[in-house]
Amino acid sequence: MGVLMLLTATAAPRPWLSWLLGLAAAGGFAARLLTVSASNAHVRSAGIDVPRVSVATLWIVAAGCGTIGLLFLVGGLGDASLVLLGAGVVLLGVAAMAFATLVRRRRTRVRT
């Protein structure tokens, strides 16, 4: 998602650049935080139990962020507000990550 924003920034109008680059940087930082906390390989190898987010919580996050993100996108398109559009994209990204985690957990449960 951050790559898409950076590519859009190459051809975007000048007033959009600060928003696009800022959202891309925030998205990259969030992705880094999520990947570090999601792997926890170094912690697991030390024998420390790592708490997991429950499936019900992931469904609530996916549904809530997806719904609110879509509403922000619709509101942002109607008002041409970059803040609402950016927040909508970020929320849809969070919903997609939660859904991807659910799919990944389902695949590992089915295989075992």
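Begin by selecting tryptophan 59, which is located in helix H4. Helices here are DSSP runs of H or I with at least four residues, strands are runs of E with at least two, and both are numbered from the N terminus. The model is predicted, and local features need pLDDT of at least 70, side-chain atom pairs count only at pLDDT 80 or more, and totals for chains, interfaces and linings use all residues. Residues are numbered from 1 along each chain as its sequence is written, and side-chain values use heavy atoms, with hydrogens and water left out.

Is tryptophan 59 buried or exposed, or partly exposed? With a relative accessible area of 46%, tryptophan 59 is partly exposed. The term buried means under 20% relative accessible area, exposed means over 50%, and partly exposed lies in between (1.4 Å probe, protein chains only).

**The aromatic pair**

A search of the whole structure finds 1 aromatic pair. The rings of tryptophan 59 and phenylalanine 99 have centres 6.0 Å apart and planes at 70 degrees, so the pair is edge-to-face. Because tryptophan 59 lies in helix H4 and phenylalanine 99 in helix H5, the pair ties together parts that are 40 residues apart in sequence. For such pairs, the rings of Phe, Tyr and Trp (its six-membered ring) must have centres within 6.5 Å; planes under 30 degrees apart count as stacked, over 60 as edge-to-face, and the rest as tilted.

Phenylalanine 99 has a relative accessibility of 43% and counts as partly exposed. Setting aside neighbours within four places in sequence, phenylalanine 99 is in contact with Trp59 and Ala62, where contact means heavy atoms within 4.5 Å. Glycine 66 may also be selected: its C-alpha atom is separated from that of phenylalanine 99 by 9.9 Å, and the two residues are 33 residues apart along the chain.

**The nonpolar patch**

Now select Val55, Trp59, Phe99 and Val103 and display the surface: these residues form a nonpolar patch with about 350 Å² of accessible area together. Which helices supply at least two residues each of the nonpolar patch? They are helix H4 (55–79) and helix H5 (82–111). Patches consist of residues with over 30% relative accessible area and no salt bridge, with like charges joined within 9 Å and nonpolar side chains (Val, Leu, Ile, Met, Phe, Trp, Tyr) within 5 Å. A salt bridge is a side-chain nitrogen of Lys or Arg within 4 Å of a carboxyl oxygen of Asp or Glu. Accessible areas come from the Shrake-Rupley method with a 1.4 Å probe; for residues, only the protein chains shown count as cover.

**Two buried residues**

Move to arginine 105 in helix H5. Arginine 105 counts as buried, at 18% relative accessibility. Not counting residues up to four places away in sequence, arginine 105 touches Arg52, Val53, Ser54, Val55 and Leu58.

Then select glycine 69 in helix H4, which counts as buried at 0% relative accessibility. Beyond residues up to four places away in sequence, glycine 69 touches Gly88, Leu91 and Leu92. Glycine 69 and leucine 91 are 4.9 Å apart in space, C-alpha to C-alpha, and 22 residues apart in sequence.

**The whole protein**

Finally, zoom out: the protein has 5 helices and 0 strands. Of its 112 residues, 18% are buried. The protein exposes about 8,000 Å², of which carbon and sulfur atoms supply 71%.
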